[in-house]
Each structure stands twice: as C-alpha cells, then as structure tokens.
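Subject: Structure handover

Hello,

Here is the structure I promised to pass on. Please open it alongside this note. My findings follow below.

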Amino acid sequence: MDTLKPEERSALMAKIKGKDTKPEILIRKYLFSKGLRFRKNDKRYPGKPDVVLPKYHVALFVNGCFWHRHPNCKIATNPSSNQEYWQAKFARNIANDKKKHAALEEMGWRVLVVWECELSTLKKREERLPRLYEEITGHAWVEDKDNAKEQG
C-alpha cells in the first residue's frame with residue numbers, strides 16, 4: 001500500500017526527469033572530451049535518442065534500470081503497491097523500447113544502450129565509458145601521460 005496521498009505521489013513522480021539526467025550528462029561530457037560530436041534528444045528519430053552520433057550512425061539510449069527493467073539488476077525492483085499498474089507500465093516501457101530500437105535499426109542506425117547501474121561507481125564508469133567509445137567508433141582510446149590518442 002502506498003504511504004503517500006495521490007497528490008503527493010503525483011508531485012513526486014512529476015519530478016522524475018526524462019532528459020538531461022546525471023548519467024546522460026556524464027556520458028555526453030565524456031564523449032565530447034574525446035572529440036565526438038553529437039545531437040541530444042533529436043526529435044527526428046524514433047524514441048528521441050538521448051545521444052545521436054550522425055558520423056557513426058549511432059543512436060544511444062541511457063536507460064534507467066528501474067524504468068526500463070534492466071535484467072538481473074538490483075535497481076529494477078518491483079513496487080509493492082499497485083502491482084497491476086506497475087507491471088503494465090513496465091511491459092509498455094519494454095515494448096516501446098523494442099519498437100523504437102527496431103525502427104532505428106530499419107533506418108540503418110546502430111542502437112546502443114547504457115544502463116544507469118553501469119555508471120554508478122567510479123570504477124564502473126572507468127570500465128564502461130572507454131568501452132562505449134570503442135563501441136561507437138570501432139577504435140580504442142589510449143591514454144598516456146603526454147598524449148591521448150585514438151588507436152586503431
């Protein structure tokens with residue numbers, strides 16, 4: 001059972017951001033620092049991808065584990081109240097994700113997804129962000145003291 005009144009719950013849910021979330025900003029700053037240029041939340045593409053990299057024909061979605069039901073993730077918990085509503089909501093989210101990914105792929109775009117839990121700690125970010133760069137460009141980014149460069 002929900003401990004909040006409907007108006008309080010509605011106000012709380014309205015505060016949840018749909019774009020410019022911390023994980024999105026973190027990824028955009030990283031990609032920009034590596035010289036990649038992109039568009040954000042471009043309405044011309046199905047699902048308004050969080051990051052669109054036209055040069056590489058990549059559409060990137062930064063998914064919240066809870067809302068998009070990251071498989072086997074401890075963040076993707078099920079609320080104890082109003083379970084029918086939440087199960088239907090999650091099923092719609094998953095179906096919508098599949099539909100927009102398929103539409104982008106039909107248009108010739110590669111679709112990449114980064115989950116919020118992959119960026120939750122510094123160690124995880126240090127592993128995931130270089131791997132994301134490589135997934136986008138097909139090249140590894142090599143850091144050395146004097147000169148950072150793309151390799152490949």
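Start with helix α5, residues 122-137. At 1.5 Å a residue, its 16 residues should span 22 Å, and the end C-alpha atoms are 23 Å apart, so the two agree. (The expected span is 1.5 Å times one less than the number of residues. Helices are DSSP runs of H or I with at least four residues, strands are runs of E with at least two, and both are numbered from the N terminus.)

First, the basis. This is a predicted model: local features need pLDDT of at least 70, side-chain atom pairs count only at pLDDT 80 or more, and totals for chains, interfaces and linings use all residues. Residues are numbered from 1 along each chain as its sequence is written, and side-chain values use heavy atoms, with hydrogens and water left out.

Back to α5. R128, L129, L132, Y133, I136 and T137 are buried there. Seen down the helix axis, the buried residues fall within an arc of 150°, so they line one face of α5. (The arc is that of the directions from the helix axis to the C-beta atoms. Buried is under 20% relative accessible area, exposed over 50%, partly exposed in between, with a 1.4 Å probe and protein chains only.) K123 and E126, on the other side of α5, are exposed. G138 follows the helix with a positive phi, near 85°.

Next, the sheet. It is open, with four strands in the order β1-β2-β3-β4 and mixed pairing. β1 and β4 (110-115) are at the edges with a single partner strand each, so one side of each has no neighbour in the sheet. (Strands pair if DSSP finds at least two bridges between them.) β2 and β3 (residues 58-63) pair antiparallel over three bridges. L53 stands opposite V58 in β3.

Helix α4 packs on this sheet, touching β3 and β4, and its direction makes about 165° with that of β3. Helix α2 (residues 22-33) lies across β1, β2, β3 and β4, at about 145° to β3. (Contact is heavy atoms within 4.5 Å. Axes are lines fitted to C-alpha atoms, for helices over the stretch in contact, with angles from 0 to 180 degrees between N-to-C directions.)

- D97 is in α4 (residues 83-106). It counts as buried, at 8% relative accessibility. Beyond its neighbours within four places in sequence, D97 contacts N63 and H68.
- D42 is in the loop between β1 (39-40) and β2 (51-53). At 9% relative accessibility, D42 is also buried. Neighbours within four places aside, D42 contacts K48, P49 and V52. The C-alpha atoms of D42 and V52 are 7.1 Å apart.

Best wishes
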